Amino acid sequence: FFSATMATMVSVGRGFVRAARPKVFRMAALQHVGGPGCRRVFSTSSILFDAEADQAEAERLAEFEAQLAAQVRFNELRGRVLELALDLVPEYGWSSEALAVACAKEGYSPQMHGIFKRGAVELVEYFMDKCNRKHQQMLVDMEEAMNSMTVAEKLHVALKTRLEMVVPYKDTWPQAMALLLHPSSIVDTAPKAFSAMDDIFYNVAVDHSTMMTRHFERAGLTAIYGATELFLLQDNSEDHEATWEFLRRRIGEGKCAKQTVEMLPLAPLSAIVGMFTSKNP
């Protein structure tokens with residue numbers, strides 16, 4: 001993705017630089033110069049001027065491409081370190097230490113974890129983005145299989161599959177939630193944390209006929225997800241069956257708008273924030 005984007009930008013950059021060449025000035029000037037001698041002298045000067053412009057263009061383009069290549073390498077490095085750090089979360093938690101060890105495993109100094117200016121919250125955001133992309137594709141893949149289901153059954157499947165992505169990190173997830181809800185990062189993290197609810201709402205659910213209906217239903221999904229997530233963290237039943245039954249009951253209760261609103265106190269603060277930070281109006 002980054003390589004394709006950078007290639008496009010290089011192409012655009014070439015076109016922009018070429019457009020700035022002063023050939024139009026040379027052609028216009030030749031039309032007003034009198035006499036063959038004058039024309040010849042001015043034409044020679046224009047050729048030299050064009051050569052200098054071409055050299056400057058080549059230098060600017062080389063610098064532009066070098067900057068893009070450096071940015072691509074930097075983004076690729078960040079991605080590799082973050083992916084390694086995810087494997088270290090069970091041992092080191094959602095911490096700068098996990099990032100430092102990942103840098104060392106990648107062959108760099110542990111101090112290089114300073115490239116993550118906002119610290120461990122960037123690791124949580126990376127995980128959320130990765131889960132949301134995977135879940136969105138799963139919804140697309142399951143669309144045909146879910147055609148015969150009721151809306152409640154579709155919601156149960158969609159919410160369950162998203163919550164199951166948290167299960168491998170269940171023991172450390174409270175730490176991740178604290179990072180997501182920190183006042184210094186919540187503005188950036190809340191939209192990422194709840195984009196999955198928007199995907200479920202627009203791919204699985206219900207009546208989109210009025211703005212009020214949309215906001216009630218999306219708020220209900222956010223509350224249901226948040227309440228079930230908290231239940232999951234405390235659930236020790238086999239295969240988390242108690243959590244999925246809890247989810248089923250919450251979906252059943254959420255069919256009525258009044259019941260949905262009454263459910264909001266059950267949701268963590270993160271769920272309520274999702275009402276106001278969802279990516280769709």
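Read along the sequence, the protein chain of this predicted model follows the pattern α-α-α-α-α-α-α-α-α-α-α-α. The chain holds twelve helices and zero strands. Of its 281 residues, 40% are buried. When contacts between residues at least 6 apart in sequence are considered, 70% of them join residues at least 24 apart.

The model contains six aromatic pairs. One of these pairs is formed by Trp94 and Trp173, with 5.7 Å from centre to centre and 75 degrees between the planes, an edge-to-face arrangement. Trp94 lies in the loop between helix H3 (36–92) and helix H4 (96–105), whereas Trp173 belongs to helix H7 (residues 173–180), so the pair ties together parts that are 79 residues apart in sequence. Trp94 has a relative accessible area of 1% and is therefore buried, since the cut-off for this class is under 20%. Trp173 is likewise buried, with a relative accessible area of 1%.

Trp173 also takes part in a pair with Phe127. The ring centres of Phe127 and Trp173 are 5.5 Å apart and the planes meet at 65 degrees; because the angle is over 60 degrees, this pair too is edge-to-face. Distant parts of the chain are linked here as well, as Phe127 is in helix H5 (residues 121–142) and Trp173 in helix H7, 46 residues apart. Phe127 counts as buried, at 3% relative accessibility. Together with Tyr169, the residues Trp94, Phe127 and Trp173 form one aromatic cluster.

An aromatic ring also meets a charged group elsewhere in the model. The charged end of Arg250 sits over the ring of Phe246, at 4.5 Å from the centre of that ring.

Helix H4 and the segment after it were examined next. Within H4, the residues Ala98, Leu99, Ala100, Ala102 and Cys103 are buried. An α-helix has 3.6 residues a turn, so residues three or four places apart point the same way. H4 is followed by Gly107, which has a positive phi, near 100 degrees.

Ile115 is located in the loop between H4 and H5. With a relative accessibility of 18%, Ile115 counts as buried, because this value is under the cut-off of 20%. Apart from its neighbours within four places in sequence, Ile115 is in contact with Phe74 and Arg78. Ile115 and Phe74 are 41 residues apart along the chain, and their C-alpha atoms are separated by 9.5 Å.

A charged residue in a buried position was found in another loop. Asp235 lies in the loop between helix H9 (211–234) and helix H10 (241–253). Although Asp235 is buried, it has no salt bridge. Leaving out residues up to four places away in sequence, Asp235 touches Lys170, His240, Glu241, Ala242 and Thr243.

Technical notes:
Residues numbered from 1 in each chain as written. Predicted model: local features only at pLDDT ≥ 70, side-chain atom pairs only at ≥ 80, totals over all residues. Heavy atoms only, no water. Phe/Tyr/Trp six-rings, centres within 6.5 Å; stacked < 30°, edge-to-face > 60°. Helix = DSSP H or I, 4+ residues; strand = E, 2+ residues; numbered from the N terminus. Buried < 20%, exposed > 50% of the residue type's maximum accessible area, 1.4 Å probe, protein only. Lys NZ or Arg CZ within 6 Å of the ring centre and 35° of its normal. Contact = heavy atoms within 4.5 Å. Lys, Arg positive; Asp, Glu negative; His and termini not counted. Salt bridge = Lys/Arg side-chain N within 4 Å of Asp/Glu carboxyl O.
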